[in-house]
Amino acid sequence: MMNDYLVRLVCLCLTAFFVVHLAAGALVRWITPRGARALRRVRPRLAARTTLLMRWSPAALGLLVVAVLCVPSYLRFEPGETGEEIGPACLLGAGLALAVWAAAIVRGLRQVVRSRRYIRDGKSRRRPLVALAGILRTRLLISPVVVDALTAEQLDAALRHERAHGAARDNLKRLLLAFTPGLLPGLNGLAAVERHWARFTEWAADDDAVRGDPDRALALASALVRVARLGSAAVPLASSLLDGEDLSERVDRLLRPAAPESRRVRGDALAAGVAAGIAALACLALRPATLESAHYLLEHLVR
Amino acid sequence: MIALFRKDEPSQPLGPLEVAVMEIVWRRGESAVRDVVDLLDRPLAYTTVMTTLDRLYKKGLLERRKCERAFLYSPRLTRAEWEQKRAGEFMAGLLSGRDPERELLISCLVDAVAHDERLLDELERKIRQRRRELKRS
């Protein structure tokens, strides 16, 4: 009997996660084109943080709803012996939730394996490459052909760019992104958000490397073009100098830096806003009336 | 919900007038029909331009909102995004062929990318120009 009670709870949690995750993901997918256009006008680091938050928000919201609504309302209001059966819709939702998480874990592990194999095989020595690899203990991969091709200033600018990725822990974010579930099994659905994040991250690392110095900007721009001429390779889960598809736009940004229009929006203000939203949701969720309503909804979901 | 997960519809080809109108909206941002009429190279009737903008809206290239009694049109995709989408569709079309054809195509593409240095030449020219500007100042 206890087993039935727990199995119902697990199925409900999985289904609730899947429904919330899918709905929030659809909303994020819908706002992404407009949001990305607006974010081009703010500082790249803030734009990168915001896109990352957008990518994580469906899964985070799904987990939050499970943690603060599903589990407490079930434990409080569900009697031990009801003899209720789990309905097909609930089973389907639970199955889909398991499938999206399984797909995410497979995707993440595959990238980890590919990244480790790439570094272990020493391919970085044979192919032109400048990249920062590793998650906690980062290491710089730079192939001899790149060292020979760049001048001292260009190399310095390229290394500053990679150090900026290291300081921002971009590889850790890449790893977490790789393990973040897509909207449906086999369909990421939010790949555009990940592409925007990668672009803003590169811009932010460029800006951090240059720090407004026009000579450094020139050196980094020419390093980018020179490495592109060599045909730089990319390593999974690593921050390569030539990541992304917008070489031309990056060079233009470095040559003609434009002041961001809205400097007043600060990253910590954004984080504080998100934290306040989560706290407000948690407070609301802990009210008995909310839990009762949640349980009523879950009763319908389980049938 | 279904529309959100539907694969993006393939872009339809644009006629010369549609391209000219898109160029103006990309350059100018949100525009009314009258703005576009004024900026076109050749004199065209207001209704012609209005129909063209409506067609571009229906093709999904423009967004519009009502302002008083007129529509204001703005680009749904940046020029770069649109070109990327077209290029992606073109590539997907080419790569959907039979396996031997696909492999032949991929090897041709690798050659072409490896040897296409025009973009890099252009970027280097920009860098040289900027360097000269900095030295002068």
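The model is predicted. Over all chains, four aromatic pairs are counted. There are two cavities of 30 Å³ or more. Strands E1 and E2 of chain A pair in the antiparallel sense.

**Aromatic pairs**

- A pair of aromatic rings is described by two things: the distance of the centres and the angle of the planes.
- Among the four aromatic pairs is that of A:Phe17 and A:Trp101, which is tilted. The distance is 5.5 Å centre to centre, with 35° between the planes.
- A:Phe17 belongs to helix H1 (residues 2-39) of chain A, and A:Trp101 to helix H3 (residues 88-120) of chain A, so this pair ties together parts 84 residues apart in sequence.
- A:Phe17 counts as buried, because its relative accessibility is 3%, under the 20% limit.
- A:Trp101 has 26% relative accessibility, so this residue counts as partly exposed.
- A:Phe200 and A:Trp203 form an edge-to-face pair, because their planes stand at 80°, over the limit of 60 degrees. Their ring centres are 5.6 Å apart.
- Both A:Phe200 and A:Trp203 sit in helix H8 (residues 191-210) of chain A. They are three residues apart, about one turn of the helix.
- A:Phe200 is buried at 1% relative accessibility. A:Trp203 is buried at 5%.

**Charges over rings**

- In chain B, B:Arg64 lies over the face of B:Tyr57, 4.0 Å from the ring centre.
- The charged end of B:Arg64 also sits over the ring of B:Phe71, at 4.0 Å from its centre.

**The hairpin in chain A**

- Strand E1 spans residues 130-133 of chain A, and strand E2 spans residues 139-142. Four bridges join these antiparallel strands.
- A:Val130 stands opposite A:Ile142 in E2(A).
- Five residues lie between the two strands of the hairpin. A:Gly134 takes a positive phi there, near 95°.

**The second largest cavity**

- Rolling a probe the size of a water molecule over the atoms shows where empty space is left.
- The second largest cavity has a volume of about 40 Å³.
- Its lining is made up of A:Arg45, A:Ala48, A:Arg49, A:Asp170, A:Lys173, A:Trp197 and A:Thr201.
- Helix H2 (44-77), helix H7 (170-178) and H8 of chain A each give two or more residues to this lining. H2(A) provides the largest share, three residues.
- By class, the lining of this cavity holds four charged, two nonpolar and one polar residue.

Conventions: Residues numbered from 1 in each chain as written. Chains lettered and ligands numbered in written order. Predicted model: local features only at pLDDT ≥ 70, side-chain atom pairs only at ≥ 80, totals over all residues. Heavy atoms only, no water. Phe/Tyr/Trp six-rings, centres within 6.5 Å; stacked < 30°, edge-to-face > 60°. Buried < 20%, exposed > 50% of the residue type's maximum accessible area, 1.4 Å probe, protein only. Lys NZ or Arg CZ within 6 Å of the ring centre and 35° of its normal. Pairing = 2+ DSSP bridges. 1 Å grid on protein atoms, 1.4 Å probe; cavity = no way out; pocket = protein on both sides within 12 Å on 5 of 7 lines; lining within 4 Å. Points joined across faces, edges and corners; volume = space filled by probe spheres on them. Nonpolar A, V, L, I, M, F, W, Y, C, P; charged D, E, K, R; others polar.
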